[in-house]
Amino acid sequence: MRHVFKAAVQGRHLRSGLAWVGLLVSAAMPASAQMIELPSGSVNLRDLQQQYSQGQPSGQVPSALDRARLQQQQPPGKTLPFGREEQKQEVPSTLEAQYQRRVSQDLVQFGYDLRTATGTTQTTGLLSGSVPDDYVLGIGDELVITLRGQVNNTTQVRVDREGRVVLPNMPPVAAAGRHFGEFRDDLTAQAQAAFLQTNVYVSVGSIRSIGVLVTGEVHSPGRFTLTSLSSLVDALLLAEGVNKTGSLRNLKIVRAGETIPVDLYDVLLGRRSLHDLRLRDGDQIIVPGIGTTIAVAGEVVRPGIYELRADGGKVSLNAALELAGGPQRARGNRLEILRLDSSGRNEIIRSPASTAAIAAGDVIFVQLPREAIALEGAAELPGDRGLGQAKTLSDLLRDPYVLQSNPYLPFAVIETEDPANRQRRYVPVDLQRVLEGGMNITLRERDKIIILTRDDVRYLGSADVQAVLRKESPPSLQLSIDSKMAQERLALGGGSLTSTPDKQENEPVAKGLIGAYTDKSAGTTRLIETNVACAGLQSLAAIVSEGMQQRFPIARRMMSYGNSGLIDVRPCPAIYDRHPDLLPYLLEYVSVLEGEVRFPGIYPVVPGTRSQTVLSAVGGLTLDADVNAIEMSSTAGGRQTGLNVAQLNQATISPGDVIRVSGVIQQRETGVVEVAGEVLRPGRYDIRRGERLSELLRRVDGLTPGAYSYGAVFQREQVRVAEEEGYRRAARELEQALPGVLASGNAENAQAAQSALPFLQGLISSLKSTKAVGRVVIEADPTVLASRPELDFALEPGDKLFIPKRPSHVTVTGEVLNPSSVMFTSGASARDYVKRAGGVTASAELSDAFVIYPNGESEPLGLGRFSDGNVPIPPGSTIVVPRDPEPFSFLATTRTVMSLISSLAISAASLAVISRN
């Protein structure tokens with residue numbers, strides 16, 4: 001049996017094979033087992049055998065088994081109308097193409113995309129789920145009747161050919177043609193009359209099959225087997241749906257010589273239940289050609305092409321809009337009808353009445369009202385406004401809650417349309433004057449009021465804008481094609497790297513933010529921008545690339561401010577992306593505010609704007625501003641100086657003007673000096689401008705009895721920086737001189753350089769790494785300062801003064817046998833101190849020895865064969881015996897080398913004094 005069925009299914013003679021299989025199954029199997037399971041459901045083999053034994057016409061629709069096999073063979077695709085599988089994209093129908101050409105929009109016919117999950121319905125009589133009480137029983141329905149009480153049994157019985165149900169020990173009960181609920185109540189009454197205390201339970205086991213004929217404009221017309229619970233839609237699904245040339249509103253069901261009209265729109269729009277369209281055995285469904293149609297386009301719920309009923313009744317405008325679900329906006333819509341005239345050409349009917357009759361072929365347009373203005377930017381509720389509510393800009397801004405907090409009032413933009421040539425253009429507006437009643441503008445249809453925020457305005461001075469004005473690539477775009485940075489982003493999971501005060505270095509931040517990444521290996525900082533789209537920057541770059549940057553002379557003035565090493569990289573505001581021409585337009589109207597204002601920069605202004613309005617928009621003046629030293633310069637070359645705040649507030653400013661607010665001369669320096677050591681009150685002290693050393697010594701209450709003012713160490717930051725730069729420069733010079741000497745033809749010099757190379761290399765390394773002290777030789781004795789005012793100098797922030805204790809030793813260093821500190825002896829000469837240090841080495845040059853005094857000065861000792869030196873040696877001094885310079889005679893920088901050794905010795909001596917105390 002299995003082999004016969006397999007051969008029949010796989011062979012070419014499918015119909016005959018299935019017929020033989022059906023005969024074999026009916027002979028060998030009981031009725032309850034004559035079912036096969038397919039992906040689309042169970043199939044009764046008896047029904048299939050009867051269907052094929054009767055012979056199908058060559059053009060009849062395939063059976064459920066054939067369709068199931070085809071579904072298994074075909075790849076899954078897009079579901080077509082009424083559950084068919086689509087192999088390729090549908091093309092518009094002829095009717096859709098005609099409407100689309102008329103309205104230049106994509107419109108589809110409504111109702112032809114009804115779908116089902118499987119594409120077929122069951123032809124078996126088995127039933128899943130309960131049967132409604134209004135189900136009409138018929139011959140062949142199987143009922144399951146259970147009696148509980150005096151009699152206990154369960155019987156499966158079918159409605160016989162006479163339309164009755166016959167049970168044992170009970171009279172027959174009429175069933176065919178009766179509702180299931182009515183039959184159940186009648187059977188219960190008779191059973192309770194025949195048996196005492198007996199309950200009756202009735203259910204439908206399986207339902208009968210019916211045959212219907214589907215003809216007309218369907219994809220697969222033919223006769224189909226369905227269940228008695230099937231509806232009109234089930235039959236249409238089996239016929240693979242209605243063609244787009246077929247009607248959905250004028251279907252007919254021919255039943256026993258009677259014609260029943262059906263409007264499928266009632267089902268699609270939810271006005272009618274499928275139970276009302278239940279089929280009966282022998283019904284014929286006729287799908288005629290499509291009738292007259294209309295289209296609804298624009299702001300409606302379901303734009304599309306709709307069919308009109310064929311009863312000859314007129315359709316009003318409101319009824320047509322109901323077919324499309326109604327307008328999306330509750331009121332205020334603009335309606336137009338596109339109608340074909342007698343020659344078949346379009347004519348427009350504007351603002352029709354709601355009761356206007358709609359003719360065949362009409363296209364109804366539902367559009368937003370034209371009498372509308374748009375509010376963008378710093379508004380609490382941006383969007384459309386009606387002109388009936390606000391005919392002027394003053395009317396619009398009358399509500400105090402229209403604007404957000406901190407809008408930029410000196411300059412707003414109205415994008416309007418010139419009624420003469422229909423060209424869009426910008427109109428500048430001073431919102432402060434509008435709010436005060438000094439300016440007003442009448443609004444027109446389709447105007448857009450763009451209110452700027454402070455961030456929108458500050459972007460004009462950002463690094464990106466200034467780079468474009470210089471014809472350079474914006475910093476936020478420079479690394480968008482950096483392959484190395486792309487790899488770094490990928491390694492970090494797409495996040496940017498940034499270093500900010502509140503984040504650790506190289507900490508990933510959210511994607512889309514601008515940041516900086518420090519490449520430690522290269523010693524450079526690279527910028528990152530993950531969202532670089534800005535139509536405003538592109539528009540500005542297009543203008544500058546044509547050599548038109550002279551349009552922005554004041555904006556380009558800001559370029560000189562970008563040399564500090566810090567750049568202002570900001571994300572592009574969305575307003576410039578929505579309005580690309582707005583950014584260049586604002587740059588033409590900018591003025592400059594610099595000096596002691598909260599946020600210096602360039603700001604757009606309307607000609608004649610009050611200066612007070614602009615100052616308020618930038619946060620006002622700083623605390624360090626000199627209110628009587630304000631300067632204004634105009635584009636015409638005029639200049640006003642010495643203005644005070646009151647005069648400035650009364651003045652007006654125009655595009656191109658420059659306002660500079662000078663700072664007050666501070667009497668107190670912005671910094672402190674530090675006093676340490678042998679003073680009565682050491683610590684950090686604020687100083688006023690021009691304060692002198694003697695005044696500082698009085699503020700610390702003078703020196704202690706043990707202070708040694710002659711050995712005071714005074715450090716200044718500027719001197720320290722200059723000394724370190726000198727060390728680095730000398731190291732570079734030595735490095736550059738050595739290769740030339742080593743490669744010279746003079747063998748004597750080359751040999752000398754080779755022997756001195758280790759020493760010079762150590763000297764170069766010391767020069768690169770030594771930290772300078774920045775010591776300045778001063779006089780710190782208050783009595784001397786009082787008698788010699790020229791030695792009393794002015795202090796600077798960052799100065800450091802250290803007063804040591806009186807020392808009792810003299811330090812001897814350099815080319816001596818035992819470099820050390822020896823006790824000070826009054827009247828002892830320099831040679832005496834050198835002898836106490838063990839005397840000089842063989843490589844010493846005693847004639848070049850020098851002394852470093854406690855105050856930092858140095859002086860040659862003049863030691864010779866017949867001289868002990870006539871220089872007094874005070875306590876705290878350092879005697880330095882240098883090396884013989886003979887090995888360095890090959891260098892022209894010998895004197896420089898020796899002076900560097902002297903400088904390093906002085907720094908070391910100063911550090912020794914500080915560290916000892």
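## A first look at this predicted model

Among the contacts with a separation of 6 or more, 63% are between residues 24 or more positions apart.

- Five bridges hold strand 38 (residues 668-677) and strand 39 together, and the two run antiparallel.
- These strands are part of an open sheet of five strands, in the order 39-38-42-40-41, with mixed pairing.
- Which strands stand at the edges of this sheet? They are strand 39 (683-688) and strand 41 (775-776); each has a single partner strand, so one side of each is left without a neighbour in the sheet.
- As background, strands of a sheet pair through backbone hydrogen bonds, in either a parallel or an antiparallel way.

**Strand 31 and its two partners**

- Strand 31 (residues 590-595) is mostly covered, with five of its six residues buried.
- One partner is strand 32 (residues 601-604), which runs antiparallel to strand 31 and is joined to it by four bridges.
- Within that pairing, Val 590 has Pro 604 of strand 32 as its bridge partner.
- Strands 31 and 32 form a hairpin, and five residues lie between them.
- Another partner is strand 37 (residues 658-663), which pairs with strand 31 in the parallel sense over four bridges.
- Here Val 592 has Val 658 of strand 37 as its bridge partner.

**Two nonpolar cores**

- In soluble globular proteins, nonpolar side chains tend to be buried together.
- The largest nonpolar core in this model has 51 residues, and the members that touch the most others are Phe 411, Leu 540, Tyr 576 and Leu 582.
- Helix 18 (residues 582-587) gives the most to this core, contributing five residues.
- What does Leu 582 touch, leaving out residues up to four places away in sequence? Its contacts are Val 413, Tyr 426, Ile 450, Leu 452, Ile 575 and Tyr 576.
- There is also a second, separate core of 43 residues, with Leu 226, Tyr 265, Ala 324 and Leu 335 among them.

**Helix 15**

- The buried residues of helix 15 are Ala 535, Gly 536, Leu 537, Ser 539, Leu 540, Ile 543 and Val 544.
- An α-helix has 3.6 residues a turn, so residues three or four places apart point the same way.
- The buried residues of helix 15 pack against helix 13 (463-469), helix 17 and helix 18.
- After helix 15 comes Gly 547, which has a positive phi, near 75°.

**The disulfide**

- How many disulfides does a search of the whole structure find? It finds one.
- The disulfide is formed by Cys 534 and Cys 572, whose sulfur atoms are 2.0 Å apart.
- The link of Cys 534 and Cys 572 is right-handed, with 40° about the S-S bond.
- The two cysteines are 38 residues apart, and the pair links distant parts of the chain. Cys 534 is in the loop between strand 30 (524-529) and helix 15 (535-545), whereas Cys 572 is in the loop between helix 16 (553-557) and helix 17 (574-578).
- Are these cysteines buried or exposed? Cys 534 has a relative accessible area of 2%, so it counts as buried. Cys 572 has 26% relative accessibility, so it counts as partly exposed. The cut-off behind this is that buried means under 20%.

- Arg 458 is in helix 12 (residues 454-458).
- Arg 458 is buried but has no salt bridge; Asp 455, the nearest side chain of opposite charge, is 4.4 Å away.
- Leaving out residues up to four places away in sequence, Arg 458 touches Asp 568, Arg 570, Phe 599 and Tyr 603.
- Leu 763 is in helix 23 (residues 747-769), and it is buried, with a relative accessible area of 6%.
- Leu 763 and Ala 731 are 32 residues apart in sequence, and their C-alpha atoms are 8.0 Å apart in space.

Methods: Residues numbered from 1 in each chain as written. Predicted model: local features only at pLDDT ≥ 70, side-chain atom pairs only at ≥ 80, totals over all residues. Heavy atoms only, no water. Core = buried A, V, L, I, M, F, W, Y, C linked by side-chain atoms within 4.5 Å. Buried < 20%, exposed > 50% of the residue type's maximum accessible area, 1.4 Å probe, protein only. Contact = heavy atoms within 4.5 Å. Disulfide = S-S within 2.5 Å. Lys, Arg positive; Asp, Glu negative; His and termini not counted. Salt bridge = Lys/Arg side-chain N within 4 Å of Asp/Glu carboxyl O. Pairing = 2+ DSSP bridges.
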